[in-house]
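Here is a friendly tour of the structure shown below. Keep the view open as you read.

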Amino acid sequence: MSNVAHKEIKLANQPQLGLGRIFRIAVDGVRYRLFRAAVTVSVIAVAIAFLMNILSESLIKRRLAAGARQELSELRDIHLWAARLTHPSSQEAILADALQEGATIDFVSMLDPADQARFSERAHIAATYLAFFDGLDYDRRRALIHTSRGGAIFDALQDAEGLDAFAARLAEMPAVRFEGTLDVFRAFLDEWPALAAQLNQIIAAHTAAVATLDVARADRTIFTVLAQEGDAFAATVRAAGFQLKPALVSRLREQAQAVLEKQILEGTLSLLESRQFLAQQFDLLPADVSPNDLWHFLEKERHATLYLESIMPLSATLKPFAASRLVELATARREALALERMERLTAGAGGGFLGMGERMGWLLIVSMLVCAIGISNAMLMTVTERFREIATMKCLGALDGFIMLLFVMESCFLGLAGGIVGALLGDLIGFGRMAAVFGVSVFSAVPVSELLSAMGSAIGVGVILAALAAVYPSLKAARLAPMEAMRVE
Amino acid sequence: MSSERRVIIRTVGLKKQYVMKGVTTDALRGVDVEIYDAEFISVMGPSGSGKSTFFNMIGALDRPTTGRVFIDEVDVAQLTAEELAYVRCHKIGYIFQSYNLVQYMTALENVTTPMVFGGVGPDESRRRGMELLELVGLGDRWHHRPLEMSGGQQQRVAIARSLANQPTVLLCDEPTANLDLHTGQEILDVLRSLNEKKGVTVICATHDHRMMDMCDRLMWIRDGAIERVARRDEVHVEVGSIGEE
């Protein structure tokens, strides 16, 4: 019996297991408890879907808003230039121009070349301050600068006493984030008189140029002139000192044309017959017919033809129109209205935490917290359920670190799965909602790369959340005494 | 003859106290035993006698309050967590009353788990795992999960698992308590043959009186102290009379 060779005990440290092996064991553990895992995954998925939904919506909104603003500003080119060519500008208008990227401020070139760069720099700063004051609510604005507007604000703050009072009142408003420091503002105020003088110089030049153009167009409206003699008039405009880019001229001409045509068409509404005709179509009283009804009616070519046939004999001005042109105008008008609507709806996009506003941010934090608690709870249950298994593994030589890593890893799988499902779900919901609000134009405005990186970070949030939530349950599991395995239930 | 044999487990003045809500319970009140290499020992005692605590101590699962436990002359209290895990993994095999197999693993995976912890490569552990399963007569059931096996088969898988890293000592906590007479006997036969063929020291906590028939020595624990230690031939008559009832 004792002839068997004795096996010597040589002490050594238990080896650490490779991540790959722990990974496989963790996968097995999750597979075995698939239902529990699915429940946990769905908790994570819901939270991440919420996050992703907010992210995707604000990204889409931001992209839509940028697109709409761009298109609208192009559509408004004609009105901008019509105003510019007929009315001298104010200090504020010049400063607002300075804030717009790529805007060329007319008549800057008449300043001393050395002063030009300095001017646009200062004008930009001034415009930033004006934007800050415009962003204040009424009470604060009144407390800070009384009722002054535009350049008058800076004029009023010229004397040291007024500025000190201003600084004191600003200090009482901790919620207000002033642009830059007060010292920078003081330095700017010192420069303001020089800037104001330059602005006045520009305004004077503008006034003179407008007067020249008034003579040139000789009682015709600016639209008529732009539409009829676009290139020739553009030359005159440039000669007067405006910086009208050649690329813009043809667009201005087209838009001026459209403005004129719209005026003519809307002018037909002054005919009683036209009103009666439309009133019949829409079942209205003739007096209630509005330009909107007219344009709505003209969106179909059949209707446009009908309108032209019935009204043309009565109106001398209608003759040159083709039905297709009417449809074109009506469609363009409808699209412009849609753009304006989109601009209004997306006006709030981009503000606050992650571009979703303070309340949303709070909701999000709460949902993440609830999610973390849910994961923690599920992992605790798993640990309790597996007391015996864990203890047995420790009897068989598992290290505390292995047990810890095993459970954190398991939780990370759930986080990953939940994150992916949630990110996709959130995207889908976001698309759905945005498509419902803005129509199919959403799909051309999908910011793919931004959305992908947002999805990546949402999934990352899911995994990190799951890992953090698993720390306590895993610690509990790792600290379990191996002798629990001996216990008989 | 036993005095010349090598001591594999030795306890010196082993005491263990549990403190629960300020009340101190003495689970062990000074146990001095020596267990020799390749011995088959039965530990008997009513529940609450300190039998489980004794097992936890000699199995390197818990630390004594005072006193020492030497496993092959290594003081367990001096070991780091890593070394303790090493001892549990390589030196001691545990067999539990309720088998404690991992439910989602196949028989083979269960058997190879200690090898995974011990750092044995997958091919080698698979080969050794199959050998062990064949040794306990379950070579053809390697892909079955615990729920697809009977209690006796599960306990045999557990025995194969306890042998994974060629331990010196097998600690069995009532290995037959959950089994019927016939399967219990099978398990006892497996343990006995392991003890005889491989020279593994087997320490069994048991209420099973058949165990007395095959063990080398018997220990009775009562109230946290060794009440009596006896060789089998000394108690044979007594046991025989019980067995024939």
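In what order do the strands of the open sheet of 4 strands in chain B lie?

## A sheet in chain B

The order is E2-E1-E4-E5 (chain B), with antiparallel pairing. Strands here are DSSP runs of type E with at least two residues, helices are runs of H or I with at least four, and both are numbered from the N terminus. Two strands count as paired if DSSP finds at least two bridges between them. At the edges sit strand E2 (23-36) and strand E5 (74-75) of chain B, each pairing on one side only.

Strand E1 (residues 7-20) and strand E4 (residues 66-71) of chain B run antiparallel and are joined by 5 bridges. Ile9(B) has Ile71(B) of E4(B) as its bridge partner. Helix H1 (residues 51-58) of chain B packs on this sheet and touches E1, E2 and E4 of chain B; its direction makes about 125° with that of E1(B). Such angles run from 0 to 180 degrees between N-to-C directions, with axes fitted to C-alpha atoms, for helices over the stretch in contact.

## About the model

This is a predicted model, in which local features need pLDDT of at least 70, side-chain atom pairs count only at pLDDT 80 or more, and totals for chains, interfaces and linings use all residues. Residues are numbered from 1 along each chain as its sequence is written, while chains are lettered from A and ligands numbered from 1 in the order in which they are written.

## Chain B as a whole

Chain B has 8 helices and 10 strands. Of its 245 residues, 50% are buried (20 or more other C-beta atoms within 10 Å of the residue's own, C-beta atoms being placed from the backbone).

## The largest nonpolar core

A nonpolar core is a set of buried Ala, Val, Leu, Ile, Met, Phe, Trp, Tyr and Cys residues joined through C-beta atoms within 7 Å. The largest has 139 residues, and Ile44(A), Ile48(A), Ile375(A) and Ala458(A) touch the most other members. Helix H2 (residues 34-75) of chain A gives the most to this core, with 18 residues. Apart from it lies another core of 20 residues, including Val108(A) and Leu195(A).

## Two helices of chain A

Helix H4 (residues 91-99) and helix H5 (residues 113-135) of chain A pack at about 100°, with their axes 8 Å apart. H4(A) is therefore roughly perpendicular to H5(A), a label for angles of 65 to 115 degrees. Among the residues making the contact are Ile94(A) and Leu95(A) of H4(A), and Ala123(A) and Leu130(A) of H5(A).

Key:
A residue is buried if 20 or more other C-beta atoms lie within 10 Å of its own, exposed if 12 or fewer, and partly exposed in between; C-beta atoms are placed from the backbone. Angles under 35 degrees count as roughly parallel, over 145 as roughly antiparallel, 65 to 115 as roughly perpendicular and the rest as oblique. Two residues are in contact if their C-beta atoms, placed from the backbone, lie within 7 Å.
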